[in-house]
Amino acid sequence: LMVFASPIFLPLMGSGFTVDKINITKGLLLVLAPYTVFAVISAVLGAVLTARKHFALAASTPSLISVMTLVFLPYASQFGPYVLAAGMVFGAILELGVLSFSLWRTDAGIQFAVDGIEQDIKDLFSQLVPTLAGTLLVSASTVIDRSMAAMFASGSVAALVYGERLV
């Protein structure tokens, strides 16, 4: 969805970007799009492993993304930022593979079964809607902040992100 909507929202969010910077952003978006899918599946598998008391593996596998990005780092001077994005995607694939293999080794697998919706599940979903709305608002504020910073001089977004990390 974000890839298909990018011709609309990228020029709006990057209104201060040059044409070259918009093109680089589009390219990075295309490279990183699969990362989202792998990260969501890995999060579910990690939650299942955590529920089965395999805490260390579920907590440590996200570091594979950083490790793979560092492995790809020496090639950044040749291929630009795309190689770092590719490192993130390959790290997410590796994380998904390790989590999938570990879950398979537990001989437990994932089983989906619904025998009717109980009141506890209904209560959960009634609380989920406001939580999702709040999360959407918080996420939108980050996007708005960075979009506004992108309108200023080069390096403004980086300064904002560094400032956010200090706080």
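Helices here are DSSP runs of H or I with at least four residues, numbered from the N terminus. The model is predicted.

1. K53 and its loop. With that numbering, K53 falls in the loop that joins α2 (19-51) to α3 (55-60). Its phi deserves a look. Most residues other than glycine have a negative phi. K53 is not glycine, yet its phi is positive, near 65°. Is K53 buried or exposed? The cut-off for exposed is over 50% relative accessible area. K53 has 64% relative accessibility, so K53 counts as exposed.

2. A59 in α3. Helix α3 holds A59. A59 also counts as exposed, because its relative accessibility is 61%. A59 and L84 are separated by 25 residues in sequence. In space, their C-alpha atoms are 23 Å apart. L84 itself belongs to α6, where it takes part in the contact with α4.

3. Geometry of α4 and α6. Two packed helices are described by the angle between their axes and the distance between the axes. For α4 (residues 63-72) and α6 (residues 81-105), the axes come within 7 Å. They cross at roughly 140°. The pair therefore counts as oblique, since only angles over 145 degrees are classed as roughly antiparallel. The crossing of α4 and α6 is right-handed.

4. Residues between α4 and α6. From α4, the contact takes in L64, I65, M68, T69 and F72. They meet V83, L84, A86, G87, M88, F90, G91, A92, L94, E95 and V98 in α6. By class, the residues of this contact are twelve nonpolar, three polar and one charged.

5. Aromatic pairs. Rings count as paired if their centres lie within 6.5 Å. How many aromatic pairs does this rule give? The count comes to two. In one of them, F72 and F90 have ring centres 5.6 Å apart and planes at 25°, so the pair is stacked. F72 sits in α4 and F90 in α6, so the pair ties together parts 18 residues apart in sequence. F72 is buried, because its relative accessibility is 17%. F90 is partly exposed, at 45% relative accessibility. Next come F101 and W104, with ring centres 5.6 Å apart and planes at 40°, so this pair is tilted. F101 and W104 are three residues apart in α6, which means a separation of about one helical turn. W104 is exposed, with a relative accessible area of 59%.

6. Geometry of α7 and α8. Helix α7 (residues 119-150) packs against helix α8 (residues 156-166) at an angle of about 140°. Their axes are 7 Å apart. At that angle, α7 is oblique to α8. The crossing of α7 and α8 is right-handed.

7. Residues between α7 and α8. On the α7 side, the contact involves D145, R146, A149 and A150. Their partners in α8 are S156, V157, L160, V161 and E164. This contact has five nonpolar, one polar and three charged residues.

How values were computed
Residues numbered from 1 in each chain as written. Predicted model: local features only at pLDDT ≥ 70, side-chain atom pairs only at ≥ 80, totals over all residues. Heavy atoms only, no water. Axes fitted to C-alpha atoms, helices over the stretch in contact; angles between N-to-C directions. Helix = DSSP H or I, 4+ residues; strand = E, 2+ residues; numbered from the N terminus. Parallel < 35°, antiparallel > 145°, perpendicular 65-115°, else oblique. Left-handed = near helix turned anticlockwise from the far one by under 90°. Contact = heavy atoms within 4.5 Å. Nonpolar A, V, L, I, M, F, W, Y, C, P; charged D, E, K, R; others polar. Buried < 20%, exposed > 50% of the residue type's maximum accessible area, 1.4 Å probe, protein only. Phe/Tyr/Trp six-rings, centres within 6.5 Å; stacked < 30°, edge-to-face > 60°.
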